[in-house]
Amino acid sequence: QTINGPTAAKLGVPLGRESICKMILKHATKAKEQLGKDLDGKYFYLKFDGVTRLRSHFLGVTIQFWTGEKLEVKTLALMDTKAHHSSQHLKSFVLDVMKDYKLPLSKVLGCVVDNAANMTKTIELLNQEKSDKDAVEEVGEGEEEEEEVEQLEEDGPDFNDDHFIELDSVIHHMRCGAHTFQLGIEDGLKLPRAAAFIGKLAHIS
């Protein structure tokens, strides 16, 4: 109260717990609605990863998409997994987040994850889910298709247009480059020559 009280009073913001909770929910809802509008009709990539801290287990989900002017990266969720690490649970968590933002699987181009087996299996399960829902519609044939191609040649490509992207009904699995790089460094540091060199450095006073 001593530090924040005067500032809150000038801004007309109450410092009660209930008031702050309402304020956070209000801004979060507004931000979620705006993100939904920004993503409407756009293709995107998802990135998710798990982390354990002090016996608590979390899953973070971010989204990456092109606005037409710049690349945007937004955090969609950070959830407590209650120690559930299986691929089936991870798939359910990701689908729940997508449902919350009204994001269709048909617009997912790929998922970036680390090299863990459960993450790899999660991508397989998401692809199975996408296939079961028959999310991808076939491109029209005949004259309608020819007209669309001519229009595409005239106007240039639209990176969020179904006809510009070669849809193969597959969510591509993209392994995290940083994690792969880290694993390579760890393996390299285990080599006898590297270990001996590090040992010498440790004795430098």
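## Salt bridges

A salt bridge is counted here when a side-chain nitrogen of Lys or Arg lies within 4 Å of a carboxyl oxygen of Asp or Glu. A search of the whole structure on that basis returns seven salt bridges. The model is a predicted one, in which local features need pLDDT of at least 70 and side-chain atom pairs count only at pLDDT 80 or more, whereas totals for chains, interfaces and linings use all residues. Residues are numbered from 1 along each chain as its sequence is written, and side-chain values use heavy atoms, with hydrogens and water left out.

Lys70, Glu72 and Lys74 are linked in a network of salt bridges, and within it the closest N and O atoms of Lys74 and Glu72 are 3.9 Å apart. Accessibility is described in three classes, where buried means under 20% relative accessible area, exposed means over 50%, and partly exposed lies in between (1.4 Å probe, protein chains only). Glu72 counts as buried at 17% relative accessibility, while Lys74 is partly exposed, with a relative accessible area of 35%. Asp80 and Lys82 form another salt bridge, with an N to O distance of 3.7 Å; Asp80 is partly exposed at 36%, and Lys82 counts as exposed at 60% relative accessibility.

## The Lys91–Glu129 pair

The side chains of Lys91 and Glu129 also meet in a salt bridge, at 3.2 Å from N to O. This pair links distant parts of the chain, since Lys91 belongs to helix α3 and Glu129 to helix α4 (residues 117–132), 38 residues apart. Helix α3 itself covers residues 87–100. Helices (H or I, at least four residues) and strands (E, at least two) are DSSP runs, numbered from the N terminus.

Both Lys91 and Glu129 are buried, and for Lys91 the relative accessible area is 12%. Taking contact to mean heavy atoms within 4.5 Å, and leaving aside neighbours within four places in sequence, Lys91 is in contact with Thr122, Leu125, Leu126 and Glu129.

## Overall fold

The protein has seven helices and five strands, and from the N terminus on its elements run in the order α-α-β-β-β-α-β-α-α-β-α-α. Of its 205 residues, 25% count as buried. Among contacts between residues at least 6 apart in sequence, 60% join residues at least 24 apart.

## The largest pocket

Pockets are found on a 1 Å grid over the protein atoms alone, with a 1.4 Å probe: a pocket is an open set of points with protein on both sides within 12 Å along at least five of seven lines, and lining residues have an atom within 4 Å of a point. Grid points are joined across faces, edges and corners, and a volume is the space filled by probe spheres set on the points. The largest pocket holds about 440 Å³ of space.

Its lining consists of 22 residues, of which Lys32, Glu33, Leu35, Gly36 and Tyr101 lie nearest the centre of the pocket. The elements that give two or more residues to this lining are α2 (17–39) and β3 (71–80), and α2 supplies the largest share, 10 residues. By class, the lining has eight nonpolar, five polar and nine charged residues, where Ala, Val, Leu, Ile, Met, Phe, Trp, Tyr, Cys and Pro count as nonpolar, Asp, Glu, Lys and Arg as charged, and the others, Gly among them, as polar.
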